[in-house]
Structure formats: C-alpha cells, structure tokens
Amino acid sequence: MATPSTPLLKDELDIVIPTIRNLDFLEMWRPFFQPYHLIIVQDGDPTKTIKVPEGFDYELYNRNDINRILGPKASCISFKDSACRCFGYMVSKKKYIYTIDDDCFVAKNPSGADIDALEQHIKNLLTPSTPFFFNTLYDPFREGADFVRGYPFSLREGVPTAVSHGLWLNIPDYDAPTQLVKPLERNTRYVDAVLTIPKGTLFPMCGMNLAFDRDLIGPAMYFGLMGDGQPIGRYDDMWAGWCVKVICDHLGLGVKTGLPYIYHSKASNPFVNLKKEYKGIFWQEEIIPFFQQINLPKECTTVQKCYVELAKLVKEKLARIDPYFDKLADAMVTWIEAWDELNPAGAGKA
Amino acid sequence: MASEASKSATPLLKDELDIVIPTIRNLDFLEMWRPFFQPYHLIIVQDGDPSKVIKVPEGFDYELYNRNDINRILGPKASCISFKDSACRCFGYMVSKKKYIYTIDDDCFNSLIWVLIIDVVVIFPDVAKDPSGKDINALEQHIKNLLSPSAPFFFNTLYDPFRDGADFVRGYPFSLREGVPTAVSHGLWLNIPDYDAPTQLVKPLERNTRYVDAVMTIPKGTLFPMCGMNLAFNRELIGPAMYFGLMGDGQPIGRYDDMWAGWCTKVICDHLGLGVKTGLPYIWHSKASNPFVNLKKEYKGIYWQEELIPFFQSVTLPKDCTTVQKCYIEISQQVKAKLGKVDEYFLKLADAMVTWIEAWDEINASAELPNGTKK
C-alpha cells in the first residue's frame, strides 16, 4: 500500500490544555504544536495570569470566562480539577481535539527519535477501527501490517475511529493504592502497537494524551463533576471513557489505544490522590457493572440522544449509591444543553 | 503483587509440558530449538505417508505417531483426525499425559533480538552467535503467560498487568484484579506473517518486522483468529476444545483447522471464565506457503467464515455446560443445527467433534483430568 505522509490537519484540530500553574511544557512541544490552535482552560484562581509562550495561536478561558459564556449552565464544568478541560471541547470549532496534560513531554522511541504524538493520533483517527473481531497483528491499517488469516473479509472495512487513546512512558497512570505500594515503578516498556478496543469491552480512558473526533463523539466527552465541592476526583476521564465506549459501541464507532507515547514527568502525590479517589474505589465496583449492562435503545441515533439516555439511566440506577450521581446525571443533561447551544449546527452522528 | 511474582525465575515445567509437532518432511528445525526444547518430551505427529521414516535429531525424548499408529490407537474414531494436513497435530494433544501443551510448526525458528548500543531493536533469525544478542525463549514466555492470570472482563491499557514493570492502571476495578486462569497463550510470528491467500497474493513481499512487546488478554465476548504455529495451552483447562477439525485429504477445506479450534476455544473459555492471551512470544516464521495452493484450500472458507463468525458470536452455552466436554458437545449440536444448511461438510464436522470428545474421554479416562468450571 502507498504511504502518503500524514496530513497536518492544522485547521481541523484544536489542542486543549487545562492548566492551573504554567505552560512551560509547551516549549518542548513547539516543533509539533506550533501549527495548531490551542485552547487553554485555566483552572483555579482566574485573577492569576497564565503566560503562554510566544508564537502560539491560542484562546484562553478562565473561570470568569466559563461563567460568562455558559451562565447558569457553568455549573456542569468542574472547578479546581483538570476535568474543566471539557469546556475546551465544547467551545472548539474544529473537527478534532487533542488534549494533553501540562506535565507531559515529548517521549523518545526506542531508536532515540522524538515521538510526534500528534501525528500518530492523526493517523489513528484517520484510519478505521476494527471492533468486531480481534486482529492478532493489531492495527491492520498500519504500515507493514494487515488483517491475518481467519479475519472475516466483510469486517475488513472497519468503522470510523472516534477516539485515539495514547499512553505514557515514565510515570504510569496508576491509582493511589498502586502508587502507594509501588512508588518506584516506571513504565519503560515501549509497545509498538495501536489496537482497537473490542466492542463490548470497557477500558480506563486516561485524559493525559487523548485525541478524538469531535464531530463523531464530542458530546460524550463530558468529564463530569470533580474537584471543588465534589466528593470525588481523578475519575473525570474514567467517567467520560465509560460513557464514550458505550456510545461508540452503540453507534458503530471505534476506539483505539496504544501509540503514541508521551513522557509523563510528574508523579502526583499518592496521599492526595487517595483522598480524591477514595469514594471512587468503592463506587467503581458498581459503576462498571452498570455500564457493562447498558443497552441503548434503537432510537438513540445521535451522540446527544445516547448521552441523555445515559443520564437518565445514571439517575435511575446509580443515585441509590450516592446522591452525587443524581447531581451528575443533571450535570450530564446540562452539558448536552450547553453543547447544543454553543454548537447549534452540529447535531452529532445521525 | 505482580512485581514479586516476576522476581522468581520462570519454572521449566519440563515434566508438565509436552511439545507437539506435526511434520510431513523432517525435523531439522529442532536443531535450532535444542537449547530450549531438549528438556521437554516431544510428541511428533507424522502426517502423510506412514512408511516414510522421520528422523528425529539425537538427544530428544519423544514419542512419534504416524497414520498407522493413529488408526491403531483410535480405531474407527480415527476418522476425526485429519490426514494430509497439520490439523492432525491435535492427536498429539489427545494422547499427551501432561498439563500443558506447546505446539509449533516445523518452519518456525526462535528469534534473536539484537539490542544494539543505540537501543535499536532489530530482529534476525538465529544465524550467528553474538554476545549482544538476546535469545527469545518462546517456551519460557508461553509458560509465564499460562502461569499468570488473564484479565478478560475489562481492558488494561498497559496490557498484561502481571508482567514485570506493569500493573493495572487507574480506573481498573479492584474486584477484577485477581483475573481468571489462563487457558491459552497465543504467540505471534516475525518475518512471514500469517496471512490468508488473497492477502499473500496481493502483498507477496510483506514481512512482519514489528516486534510488539506486549502480552494481552483477548476480552470476553471477542473472537480472534487463532494460529496454531506458536501456541500453548493448559490441557487440563481447555484441552478437549482444541480439536483442529476435518481438513486435508478428502475434505473440502484447509487452513481453517486452527481457526475452528480458536473459535470453539474462545466461546468455551468465555463461558467457563478462562482467559486467552495473545502477543509475545514471537517465533521466526521462515517459510512462505504457496498462495495459489493456499487459495485452493481456503476458497470455501472465505465464504463460509462469513457465516461461521456470526454463528460463533451468537453461541450461548447453557448453564449446565460446566465442563469443556459438555460445552463442546453443545457446540457440535448447534453446528449441526445451524451450519448444516451452509454445507453438509458441517454435518460431518459436527459428528467428528463428537467423535473427538469420545476419543478424548476414552484416552484420558484414567488421567481423571479436572474440568474447567463455569464462572
């Protein structure tokens, strides 16, 4: 197969970065990010000035902006938590989003070359996924690979890819108990694979190095109610990931995971993390079966309809765990209303 | 914790594992495997002309069965064992007395990873010794895979959490971290990839040069194409499901033996709460089979698999199928009921599946194998 170079998509992709401190990390990404428009979501104290390195084209939103733009609906956007990043998804006008944390740097591949994470995400998003049957040589659309013997031919067209979930070298994305037990563990294993997560299988979606097709799945990328005034933290991306996967499975969209790697430099404080995750450790035991058993009705033909249906089910079935889920279900609806207001023409996947 | 388990050396399991090799020509390839295979007992299944003498390299402990032996041992039930097709290897699974099986093709060699100073990973066949080269011990990796749990209910984005230097990631439910017993370890191949005939015809030059340093569990509910070239399994947990079907001489199809076994195996593993891993180890696959010959063999399968896959995807096994054999018989009944209309081959195959189980149970009657239990 011919291997054309990967398109830059510089006018079709926004990079969304939540930050509360500074954006120094952007210097390292400059060769890769400078062509793109950035959406900075400034968390925390809105009076603080976040300095954006010279030469980047960006829009920046602090809490005052979020409140101004969304009015009462701003209640669905988390405060004092990187979950606020999803506001950036909502206000973007582009087809694709790449989101990255401000402690994530350019990684090197085994031959020592810098990894252009964005390029790999774009490759992942622009090639189909294969959720219905597992290909043992992983992504068959990668150069030098293909579908293996025994892979049904009718399934080789694949489905559109909605999400590209990248990974992290160095500090792995562990929960607090694991961090406490294994504080020294570093991820040094470069796994040269991209693969589709099969239909019907959930996964823990990490927001540190994540790209998605906003047209296909954007409204499902709500990062929940976390941080200030909320009983839980560090489950924002998880929540979005479970909703996204259920909806993708229902709508026939694909989720890929694997390459690219970024270099995760900062280990968050496990004691702080445990406080944030504490309830989640118990709640996820009920949340997972809930998501695993969801059956969305046929009439849910758009992402928004799926999402609102999910919100209903959350209220019905999870509120008994904790009133938080009642609030969350309401916030999910608020999010969709806000999304549709800010994005009137886009009605999601029909 | 995973990190502690990995610090101990992987057990050899030399008295618990048999290596099953089908062959029709010769076993020269064993010379290259000698450092890794010599501790183990080999079961050679000689396909084709039984009057030919297959020379086994010196120093290996083995039993060898040709067609006459198979006929003698199984009597009329020998009809379920393919002739003139490597599918005959499953006879070796049946007569083994060990807990684990490793099966490999006679054109598969061990790979050498050359880790150079600048950390480039380059893979060559083992053509020369070099101190910087690190032999891939495929068998050792398979054993590691089989001795550590699988995680089929939720996808771990760092792949096998039981490997050295890895773990479950944030968001992975704690109640699922015990995993389930691993029944199958499906290894991969560098150099000649396992492509079907159309792909081989279209891309004759493609070689698999990508070493993917991962083992992962294939999630519950997802089927996969199981290749028999580099495959290990826990015979006690899943052995009876590893029937490689009716292929070769007198049969309308070939190159679907391992595929058939893989679909049956995965459905049964999913039902019984057992795990299937895929990924490492790699072997070096040296011989590209003839794509024109392959197309003839696969031709019907190309159409049939379009119906077979939905069939297997929709198989549900009743609660009372609590052993592998019961599951397998149930599948054979469903094959007869639902696939007979695709081709009468499937009626024959369904019967052969039952014959296989009867033969398995006869041969393994004294062994009192524990059966896999339903989740």
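Is A:R142 buried or exposed in this predicted model? A:R142 is buried, with a relative accessible area of 16%. Buried means under 20% relative accessible area, exposed over 50%, and partly exposed in between, with a 1.4 Å probe and protein chains only. The residue A:R142 sits in the loop between α4 (117–126) and β6 (161–170) of chain A. Helices (H or I, at least four residues) and strands (E, at least two) are DSSP runs, numbered from the N terminus. Beyond its neighbours within four places in sequence, A:R142 is in contact with A:D192, A:A193, A:V194, A:L259 and B:R210. Contact means heavy atoms within 4.5 Å. Along the chain, A:R142 and A:A193 are 51 residues apart, and their C-alpha atoms are separated by 9.1 Å.

The model is predicted: local features need pLDDT of at least 70, side-chain atom pairs count only at pLDDT 80 or more, and totals for chains, interfaces and linings use all residues. Residues are numbered from 1 along each chain as its sequence is written, chains are lettered from A and ligands numbered from 1 in the order in which they are written, and side-chain values use heavy atoms, with hydrogens and water left out.

The model scores ipTM 0.95 and pTM 0.93. Chain B averages a pLDDT of 90, and 89% of the residues score at least 70. Here pLDDT is the predictor's confidence in each residue, from 0 to 100. Residues 114–121 of chain B have a pLDDT below 50, and this stretch has 17 contacts in the model beyond near neighbours in sequence. Residues 126–132 of chain B also fall below 50, with 10 contacts counted in that way.

In chain A, the axes of helix α7 (residues 236–251) and helix α8 (residues 270–292) come within 10 Å and cross at roughly 15°. Axes are lines fitted to C-alpha atoms, for helices over the stretch in contact, and angles run from 0 to 180 degrees between N-to-C directions. The helices α7(A) and α8(A) are therefore roughly parallel to each other. Angles under 35 degrees count as roughly parallel, over 145 as roughly antiparallel, 65 to 115 as roughly perpendicular and the rest as oblique. The crossing of α7(A) and α8(A) is right-handed. On the α7(A) side, A:W239, A:W242, A:C243 and A:V246 meet A:Q284, A:I287, A:I288 and A:F291 of α8(A). By class, this contact has seven nonpolar, one polar and no charged residues.

Helix α7 of chain A also holds A:H250. At 29% relative accessibility, A:H250 counts as partly exposed. Leaving aside neighbours within four places in sequence, A:H250 is in contact with A:L296, A:P297, A:C300 and A:C306. A:H250 and A:V52 are 198 residues apart in sequence and 40 Å apart in space, C-alpha to C-alpha.

Backbone geometry comes next. Most residues other than glycine have a negative phi, and most peptide bonds are trans. The peptide bond from A:L259 to A:P260 is cis, with omega near 10°. A:P260 lies in strand β9 (residues 254–264) of chain A. In chain B, the bond from B:L280 to B:P281 is cis, with omega near 5°. B:P281 lies in strand β11 (residues 275–285) of chain B.

A:L9 is not a glycine, yet has a positive phi of about 60°. A:L9 is found in the segment before β1 (13–19) of chain A, and counts as buried at 12% relative accessibility. Phi of B:Y159 is also positive, near 65°. B:Y159 lies in the loop between α5 (138–147) and β8 (182–191) of chain B. B:Y159 is buried, with a relative accessible area of 4%.

Notes. A crossing is left-handed if the near helix is turned anticlockwise from the far one by less than a right angle, and right-handed if clockwise. Ala, Val, Leu, Ile, Met, Phe, Trp, Tyr, Cys and Pro count as nonpolar, Asp, Glu, Lys and Arg as charged, and the others, Gly among them, as polar.
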